[in-house]
Each structure stands twice: as structure tokens, then as C-alpha cells.
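Q: Hi, I have a structure open and would like to talk through it with you. Could you help me with the helix packing and the ligand?

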Amino acid sequence: MRPMELKKGIAVSPGIVIREAFILDSEEIRIPERFIEKEQIEEESARLEAAIAESENRLDQDIAQLGSKIQINTQILEIHRQLVGDAVLKNEILIGIQENQYTAEHSVSRVLNKYIKKFERMDSQIISERVHDLYDVEKLILTTLLGSRVEHLDSLEREVVLVARNLTPAQTAKLDATWVKGFATDIGGKTSHTAIMAKALGIPAVVGLENISTTVVGGDTLIIDGFRGVVLINPDARTLADYRDKEANLVKLRQRLRKDVALPSETVDGYPIELFANIELIKEVHALANLNTAGIGLFRTEFIHLQNPRSGEEGHFQHYQATLKEIGQLPVTFRTLDLGADKGDGGRGPWVEENPFLGCRSIRYCFEHPDLFRDQLRALLRASAHGSVRIMLPMVGAIAELDRALNMLDQVKEDLRNDGIAFDENVPVGVMVEIPSLAMIADLIAPRVDFFSVGTNDLTQYTLAVDRGNENVASLFDPGHPAVLRLLQQTLRAGEAAGIPVSLCGEMGSEPLYVPLLIGLGFRNLSVSPTSIPEVKRLIRTIKVYECKALAKRCLAHTDGLAITAELKDWVSDKLPPSMRF
Ligand code: PEP
Ligand code: MG
């Protein structure tokens with residue numbers, strides 16, 4: 001057994017979990033057990049030789065089939081063929097089997113990953129391009145070796161911790177919390193979609209671990225500490241015992257918090273703070289009944305599309321109708337499709353942009369795909385006849401964009417009237433405030449909409465020019481930065497002047513650290529990740545609005561984010577139970 005190893009990443013979803021690792025590469029292959037018995041060495045070496053020979057054959061066939069049709073592809077396959085047949089590489093893999101008693105799969109992974117790491121560190125572009133080839137060759141030999149033993153995420157039937165370089169939105173949307181009890185990824189930041197999904201599923205997660213997917217081997221025992229942002233690989237007996245205690249205490253604390261969830265969400269001095277839920281998938285809606293929420297403040301409808309890009313008007317309508325049925329009379333704010341950037345294009349061909357977060361994302365994507373957008377608007381309007389629906393437009397940055405979306409909505413309404421289909425004529429329409437340009441003209445936008453909802457994940461990203469999903473700049477991602485606070489204040493003032501509600505649905509509202517500041521700034525309506533509701537409510541019930549106002553004033557007087565964070569930590573720490581402290 002290897003000695004215990006500790007890896008530090010970014011804590012994105014609180015909690016502690018101890019389980020076996022399930023390695024997910026881009027093809028969802030798990031690399032099985034790593035050691036063999038001495039007497040199996042010969043057989044294992046033969047397995048490797050056979051897999052290499054079969055891989056060579058496959059490549060020869062592919063090359064022959066392709067011929068000179070697509071020259072560039074043939075060249076790539078020829079490089080793969082050379083790598084697969086490379087005697088030095090094969091020898092090293094065999095040494096792993098014979099001297100270290102690794103399984104053939106594990107030895108392949110180790111040797112190829114050693115070269116991948118070496119190549120990745122080199123400055124030469126020509127060499128760094130070979131990294132992709134090595135990944136492909138690794139996958140080819142592994143799939144050949146594993147054959148029918150390839151295990152897929154979809155067919156998991158035991159509790160595991162998922163380890164991956166990254167998870168695509170489609171993969172996260174399909175995760176089943178019955179079996180996936182936590183996850184750890186190489187890349188990602190606090191508000192990346194993977195992080196948001198981990199919170200939604202209520203499973204502990206650490207991201208930005210850089211190379212966890214190549215360090216851990218399937219079957220290793222992992223502790224995910226989603227509070228400290230730490231992953232322990234093959235913990236020693238003492239660490240394991242400590243963490244088992246922590247895990248048990250946490251379960252007790254959560255049970256206590258859940259009991260209080262029925263109590264009203266109000267401050268000690270009697271101000272109600274409405275707590276709504278952020279939802280990605282319909283399967284989360286059912287659990288809301290136990291959380292005593294005010295409704296759904298953000299339904300990220302793009303996940304419906306990502307799960308099935310052919311959902312169409314009817315598919316969306318069914319999801320919306322089912323949500324409304326489940327939630328009763330409570331309002332549901334459906335955000336229109338926020339596709340593009342990290343949320344792919346749902347199978348509509350390759351989506352290659354140099355700067356996808358500044359590209360054809362979200363409402364811009366909808367304008368590029370008007371049929372898709374119209375289908376969704378029709379589904380939303382039809383659903384509005386079945387419950388309290390609010391429509392929210394994401395990533396609006398200018399009045400012209402808002403008007404264009406509102407015009408399309410009017411046209412869809414007209415079509416429905418002509419078709420004699422019922423809908424709520426007064427369905428409220430609001431915008432997300434998540435681009436600085438919109439926050440800065442919030443006073444001009446407010447009279448044209450029914451509500452604002454501030455998306456602090458993107459607002460922070462775009463204000464500070466810090467990629468929300470990039471672990472290398474994660475320390476710069478600071479929602480408490482004075483620039484962000486000023487934009488929040490400006491938005492609140494514009495909303496107040498126009499008499500429209502301003503809520504907040506970014507992750508900032510789910511973090512107990514920021515809740516008193518947000519209340520002090522004037523927010524009375526937060527939409528948070530459902531798993532955060534008990535903690536956020538508990539905190540709300542211990543604070544007074546006048547104290548929060550004084551805190552916000554002090555924060556606004558600071559000139560840098562670090563001082564603001566220090567002020568908030570100081571203030572919030574003694575209001576939280578020890579296991580929830582920062
Ligand atoms: C946000 O940007 O703050 C937000 C809530 O939207 P998303 O995280 O889905 O981009
Ligand atoms: Mg956003």
C-alpha cells in the first residue's frame with residue numbers, strides 16, 4: 001500500500017466522505033485494481049503483449065481504411081501506431097508488471113502518465129502536441145485490455161468517490177447521488193458548473209487539485225474534506241478514525257439544522273429574509289418540500305437541454321409543468337437557456353471559440369438559435385397557465401438585447417393567442433444582473449422589467465476579469481471585492497427607485513460568510529443552493545439587520561477585498577457552530 005498522500009485544492013461543496021475512488025477519464029473508463037500476485041506475472045505480461053498486438057492491428061486496419069483520404073488523420077494514426085509499437089515504452093510497462101507487480105492496466109497508466117507529465121512540462125509546441133497522442137494511445141491500450149470489463153458511470157452499483165480531470169455538464173447532469181458520494185477534479189473553481197452541481201446534489205467536492213486524476217488509482221481509499229478543500233489518498237488508520245468521527249458529528253449537526261428548517265427565515269429583529277432554491281434538475285425539486293423554501297429563485301433550464309438536446313417545446317413544457325405540480329403554489333423563476341462557454345452546446349456540433357465566456361453564450365446563443373429559443377419561450381408561456389411562473393433572461397448586457405428578447409416573447413405570445421393556447425398574460429419577466437455593463441445601467445433597465453436577480457458568479461468573473469472555473473486564478477475570484485460590492489449597491493438602488501424586487505442567486509448567497517453583508521446591503525431575498533438552506537437560515541436567525549447594515553458600511557469603507565474578507569470572517573465566525581467555521 002502506498003503511504004498516505006494529501007492533496008490541497010479548492011473546497012466547493014462542504015461535507016466529509018470516505019469511499020473508494022472511481023476514476024473517470026473522458027471515456028468513462030475505470031482503471032481497476034493495481035496489484036497482482038507473483039504467480040500472475042507471466043500471465044499479466046502476456047495479457048499486455050496481446051493487448052499491444054491487438055492495438056497495433058486495429059491501428060493498421062484504420063490506417064488502411066483511411067488510406068490517403070484524410071491525410072492529417074492518417075498521419076496521426078501513424079504516430080499512434082509508432083507509439084503503441086515502441087519497444088522502450090513496452091519494456092517499461094512490462095517492468096512495472098514484473099518488478100512492481102502492477103496490473104497491466106495500472107502499469108500502462110503509470111508509464112504513459114509519466115511521459116504525459118514530462119511532455120506537459122516542456123515548452124516546445126511540437127512536443128506538447130504529442131501529449132494528446134499519448135492520451136489516445138493510453139486509452140486505446142486500456143480499452144483493449146479491459147475489453148468487456150470497462151465499467152461505465154451509468155452502470156455504477158456501489159458507493160464511490162468520483163475522480164476526474166473535469167466533468168462535462170452532461171456528465172454532471174447524469175450523476176446519481178445514490179452511488180456518487182463525492183468528487184475530486186483536477187480543474188475547476190468555486191463557481192464552476194461542476195462545483196454548483198456538487199452542491200446541488202449535496203455531495204462533498206474538492207476541485208482544482210491539478211493532477212488528482214493521474215495520482216489516484218481506481219480502488220484507492222479517499223477522504224474528501226469539502227470544508228478544507230483537501231483530499232487524502234489512502235489515509236493511515238489514525239487519520240481514518242479522526243475523519244470517521246468528523247463524518248459522524250457532521251451527520252448529527254445536519255440533523256439538528258434540518259429540524260430548525262421549519263422555523264421562519266427571519267432575523268432576530270424580525271425582518272423576513274426570503275430563501276428560494278437554485279435548481280438544476282427536476283429530481284432536486286422533490287426534496288424542497290422538506291426545506292420550507294419560498295419557491296425556486298433560479299431554475300437552470302439549460303440542464304434539461306444538456307441532458308437531451310432534442311427536448312424541444314414539449315420536453316421543456318413537461319419538465320416545467322412537473323416542477324410546478326411538485327412545488328404547488330410557490331413561484332418558480334425559470335431562467336432561459338444559458339448555453340455556451342462551459343455549458344457546451346448540447347450536441348449541436350463542435351463549439352470552438354477562442355474566448356467562449358466572452359463569446360456566443362447564453363442569450364447571445366439563443367439569438368443565434370432562434371428556433372430553440374422560441375420553443376423554450378412557448379413551453380414557458382404554456383407552463384405559466386399551470387402555476388406561478390417567472391421568466392428570467394441571463395447575460396443581458398444592453399437595452400437592445402433586452403428589447404430583442406422581449407420582442408421575441410411578444411411574438412410567441414401572439415402565436416399562442418392565435419392558436420388559442422392559454423398562458424398567463426402578465427407573466428413577470430426579469431433579467432439577471434451578471435454583466436457589469438448591465439449593473440451600471442441598472443437604472444435604465446429597471447423600468448423595463450419586473451425584477452432583477454443578481455448572478456454574482458458571472459458578475460464577479462466579468463468585473464474582475466477572473467475566469468470562474470480556472471483554479472490558477474481562484475484566489476483572485478473575490479465576490480467581496482469593492483468593485484463587486486459597488487455594483488451590487490448600484491443595482492439595489494436602481495431596483496428600489498423603480499419599485500422592482502432585487503434578489504441574488506449567485507453562490508455568494510449560499511456562503512454564510514457573505515450573508516450578513518448581503519442583508520446589510522439591502523437584499524431581502526436570496527436564492528441559494530438547497531443544501532445551503534439550513535445553514536443560511538440558521539445564520540439569518542442569529543443576526544440583526546441594524547448590525548448587518550453597520551457591517552456593510554464598514555466593508556464598503558475598506559479599499560481592498562482582503563480587508564473585507566477579514567472583517568466578514570471575524571464577524572461571522574462566532575455565529576457559526578465550530579464545524580461550520582472557516
Ligand atoms: C451567476 O452567474 O451568478 C448565476 C447564478 O448563473 P450561473 O452560475 O448559472 O452562470
Ligand atoms: Mg451566470
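This is a predicted model: local features need pLDDT of at least 70, side-chain atom pairs count only at pLDDT 80 or more; totals for chains, interfaces and linings use all residues.

Q: At roughly what angle do the axes of H17 and H18 cross?
A: Roughly 125°, and the axes come within 10 Å. H17 covers residues 456-464, while H18 covers residues 482-498. The two helices are therefore oblique to each other.

Q: Is the crossing of H17 and H18 right-handed or left-handed?
A: Right-handed.

Q: Switching to ligand 1, which residues come nearest?
A: There are 16 residues around ligand 1, and the nearest of them are Arg-300, Arg-335, Gly-455, Asn-457 and Arg-468.

Q: How far is an N or O atom in the Arg-335 side chain from an oxygen atom of ligand 1?
A: That distance is 2.8 Å. Glu-434 also has a side-chain N or O atom 3.0 Å from an oxygen atom of ligand 1.

Q: And what about Gly-455, where does a backbone N or O atom lie?
A: A backbone N or O atom of Gly-455 is 3.3 Å from an oxygen atom of ligand 1.

Q: Back to helices, at about what angle do H21 and H22 pack?
A: About 155°, with the axes 9 Å apart; H21 is residues 545-557 and H22 is residues 561-573. That angle makes H21 roughly antiparallel to H22. The crossing is right-handed.

Q: Which residues meet there?
A: On the H21 side you have Glu-547, Cys-548, Leu-551, Arg-554 and Cys-555, and on the H22 side Ile-564, Glu-567, Leu-568 and Trp-571. By class, this contact of H21 with H22 comprises 6 nonpolar and 3 charged residues, with no polar ones.

Q: One last pair: how do the axes of H1 and H3 cross?
A: H1 (residues 41-66) and H3 (residues 87-100) have axes that come within 9 Å and cross at roughly 155°.

Q: Which residues make the contact of H1 and H3?
A: H1 brings Ile-41, Glu-44, Ser-45, Leu-48, Glu-49 and Ile-52, and H3 brings Lys-90, Ile-93, Leu-94, Ile-97 and Gln-98. The contact of H1 with H3 divides into 6 nonpolar, 2 polar and 3 charged residues.

Note on methods
Residues are numbered from 1 along each chain as its sequence is written. Chains are lettered from A and ligands numbered from 1 in the order in which they are written. Side-chain values use heavy atoms; hydrogens and water are left out. Axes are lines fitted to C-alpha atoms, for helices over the stretch in contact, and angles run from 0 to 180 degrees between N-to-C directions. Helices (H or I, at least four residues) and strands (E, at least two) are DSSP runs, numbered from the N terminus. Angles under 35 degrees count as roughly parallel, over 145 as roughly antiparallel, 65 to 115 as roughly perpendicular and the rest as oblique. A crossing is left-handed if the near helix is turned anticlockwise from the far one by less than a right angle, and right-handed if clockwise. A residue is near a molecule or strand if one of its heavy atoms lies within 4 Å of it. A polar contact is a pair of N or O atoms within 3.5 Å; within protein, one must be able to donate a hydrogen and the other to accept it, and residues adjacent in sequence count only if both atoms are side-chain atoms. Contact means heavy atoms within 4.5 Å. Ala, Val, Leu, Ile, Met, Phe, Trp, Tyr, Cys and Pro count as nonpolar, Asp, Glu, Lys and Arg as charged, and the others, Gly among them, as polar.
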